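Please look through the sequence and the coordinates shown here before reading on.

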Amino acid sequence: MTLAVEKPGPGTATPPERPSGARRASAWARRAPLLPALVFMIVVTQLPFVATLVISFMDWNAYYPDEIGFAGFDNFQRVLTDVNMRDAVWTTILLTASVVIISLLLGLGIALLLDRSFRGRGAVRTMMIAPFLVVPVAAALLWKHALYNPEYGLFNGALTWLWGLFGADPPQPDWISSMPLSAIVASLVWQWTPFMMLILLAGLQSRPLDVIEAARIDGATSWQIFTNMTLPHLRQYLELGGLLGSIYVVQNFDAVFTITSGGLGTANLPYAVYQTFYNAHDYGRASAAAVVVVIGTIIIATFALRTVSSLFREESGR
Amino acid sequence: MATVSYNKATRIYAGQERPAVNELDLQIGDGEFLVLVGPSGCGKSTSLRMLAGLEDVDRGQILIDQRDVTHLPPKSRDIAMVFQNYALYPHMTVYENMAFALKLRKTSKAEIDRRVKEAAQLLQLDEYLSRKPKALSGGQRQRVAMGRAIVREPQVFLMDEPLSNLDAKLRVQTRSQIATLQAKLGITTVYVTHDQVEAMTMGHRVAVMLDGVLQQCDTPRALYDTPQNVFVAGFIGSPAMNIKTVPLSEQGASFAQMILPMQREQIAAASSGGGKVTIGFRPEATDLVGPHEGGLPIVVDLVEDLGSDANVYGHAALDGGSERFVVRTDRRGMPSMGETVFIKPQPNHVHAFHATNGNRI
């Protein structure tokens, strides 16, 4: 400790320096236990992505093992110009937008209903969340077989019973083949509405009560309070729900794979990636498409993070 | 501008035995500044919210300008309210906050503009009109809340502890501003506070409540001079009145070695109190006397030097128990801690209350 009496310079608050060797050793003593976890995380999450990135610039098709080599932006060009891929992009947008918007609206409605006290509210709230907790594949299977099936599905069964009341011949539509994308949207909306409801309910319950009372005294009707007070307050929660929902639905694979297997124009980007990889064995092009999905997700996620941080700023600014 | 009447207005919360507000009878005159005061949970805020229409009235009636508003929604009562936390609309600018009620009433744009500008000038808010509440200080927010009430030009102003979130200096300043403003506008005002200094300085009349029951409603001076019961006596005045229950004798109350004389009717009224009477004397109506003048000796625990005068806190053994006393004295006679001083209430300023029911006699 030879430097202990040295006066620290102006503006520095650092403690007196120890010999650099000892300091490094103590720093590593702190870091070392974390290393296995870090290495594991890099191996599991980052290396595959780097590999995907590398492969996306390569000509690599399992059917043509002799032609493996560097391809430049060829794969990306093909992904963006291929009609199937462009359709997949469009399907993804359509699927994501409709699922997010419909589940937001439904979630808002349910949240408004649950935002008042009634007997058994806790039980109702828990049951409302249940669809979000079901494993996605299980949910998709449930919809495909238990609900949509034209022979024994619940929907057609309900139609049979309803029409039976009037002694008429019930229509028995094949839901999945007559409206494939809507069928997928419906099953995803069922899964995502609880999520939106939770976020919006949290927003509703953080609404300052005295502001609502002030508005009532100022002469606002319930509808005017909703449009002038509740909706502006919920704006950030709506954005948050929308963006988080978008991130997940953009990547959805389970529902598309299970319900339609990507047929009838329902193949979204993740499904197209899967097809290119496992059916066409074009690893280069599949990787390029995957990179495109990642870029799209990052763009949405950036907005999501911005919303989340603005929400926190608001809360702490109160 | 209007009168306000509570006619036996009662509020009972679901699942509670005791009413939050119990048969409140109160007549408030046109242009009057009435302050509701009491400790927390006494029902003062509930009473105000009943008048605002934010709280149901379970029994009785509330009239504004002779019109029964008991079951009308808040918007049909023509009132404006200032909340404790101001309740400004967070996503609207100051201008929009003030204009909101007028906009809902479909007032013309020019008229809204005129009234908002006028109120902003009155409250020195001109330069903040385009700001959001978040960008304002506590005092400015408070003024916006006032402005929002003023532009309405309502029949009655309701204020629910509007100063409790301000710092001490600003509170005193705003206190006088509100009183001046109310005098200028002449609008009937009901003001709720737990601070008796606010109540005494602002109100034309002050209504003291306890446990949902109105204790006394009178001018500040009358409350101070003739409190109707022990609670009001102890609540009004700072430091609080010295209140002790002592034996009753034929000439009056026997307090330590002293006999505090009471009138014959008072003694007769006090006689049902089990041979006891409750007396009260204010710190400022108590003298420090010499050791041989028959005063009660007390040991000084604390001296608060207020600059102009001083509060002396002390205790004395009385009837086998240790009792606390406060005396206000001028600075020259100021004792020091641990010293023993002798106190003597000024006999013509002693209040007497019934020992069991606490009413003034």
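In what order do the five strands of the open sheet in chain B stand, and is the pairing parallel or antiparallel? The model is a predicted one, and in it the five strands of this open sheet of chain B follow the order 15-19-16-17-18, with antiparallel pairing. The edges are taken by strand 15 (286-289) and strand 18 (321-330) of chain B, and because each of them has a single partner strand, one side of each is left without a neighbour in the sheet. Direction ignored, neighbouring strands of this sheet are turned by 45 degrees against each other on average. Within the sheet, strand 16 of chain B, residues 296-305, pairs with strand 19 of chain B, residues 340-345, through four bridges in the antiparallel sense; for B:P297, the bridge partner in strand 19 of chain B is B:F342.

Chain B also holds an open sheet of four strands, in the order 2-1-4-5 and again with antiparallel pairing. Here strand 2 (21-28) and strand 5 (67-68) of chain B stand at the edges, and since each has a single partner strand, one side of each is left without a neighbour in the sheet. Strand 1 (residues 4-11) and strand 4 (residues 59-64) of chain B are joined by five bridges and run in the antiparallel sense. Two residues of chain B show how these strands are set against each other: B:S5 has B:L63 of strand 4 as its bridge partner, while B:N7 has B:Q61 of strand 4.

From strand 4 of chain B the description can be carried on to strand 5 of chain B, with which strand 4 pairs in the antiparallel sense over two bridges. B:L63, which is the bridge partner of B:S5, also has a bridge partner in strand 5 of chain B, namely B:D68. Strands 4 and 5 of chain B form a hairpin with two residues between them, and in its turn B:D65 has a positive phi of about 55 degrees.

Strand 9 (residues 205-210) and strand 10 (residues 213-218) of chain B run antiparallel and are joined by five bridges, with B:L210 standing opposite B:V213 of strand 10. Two residues lie between the strands of this hairpin, and B:D211 takes a positive phi near 50 degrees.

How does the domain assignment divide chain B? It gives domain 1, covering 4-231, and domain 2, covering 242-354, and the centres of domain 1 and domain 2 of chain B, taken over C-alpha atoms, are separated by 39 Å.

The helices come next. In chain B, helix 2 (residues 94-104) packs against helix 4 (residues 138-151) at an angle of about 30 degrees, with their axes 8 Å apart, and helix 2 and helix 4 of chain B are therefore roughly parallel to each other. The crossing in which helix 2 of chain B passes helix 4 of chain B is right-handed. Helix 2 of chain B brings B:V94, B:N97, B:M98 and B:L102 to this contact, where they meet B:V144, B:G147, B:R148 and B:V151 of helix 4 of chain B; the residues of the contact divide into five nonpolar, two polar and one charged.

In chain A, helix 4 (residues 83-114) and helix 9 (residues 180-205) pack with their axes 6 Å apart and at an angle of about 45 degrees, which makes helix 4 of chain A oblique to helix 9 of chain A. The crossing of helix 4 and helix 9 of chain A is right-handed, and the residues of their contact divide into 22 nonpolar, four polar and no charged.

There remains the contact between the chains, which takes 14 residues from chain A and 17 residues from chain B. On the side of chain A that touches chain B, helix 10 (209-217) and helix 11 (222-250) of chain A each supply at least two residues. Helix 10 of chain A gives the most to this side, with six residues. By residue class, the side of chain A that touches chain B divides into seven nonpolar, three polar and four charged residues.

Key
Residues numbered from 1 in each chain as written. Chains lettered and ligands numbered in written order. Predicted model: local features only at pLDDT ≥ 70, side-chain atom pairs only at ≥ 80, totals over all residues. Pairing = 2+ DSSP bridges. Axes fitted to C-alpha atoms, helices over the stretch in contact; angles between N-to-C directions. Contact = placed C-beta atoms within 7 Å. Nonpolar A, V, L, I, M, F, W, Y, C, P; charged D, E, K, R; others polar. Parallel < 35°, antiparallel > 145°, perpendicular 65-115°, else oblique. Left-handed = near helix turned anticlockwise from the far one by under 90°. Domains from an automatic or database assignment.
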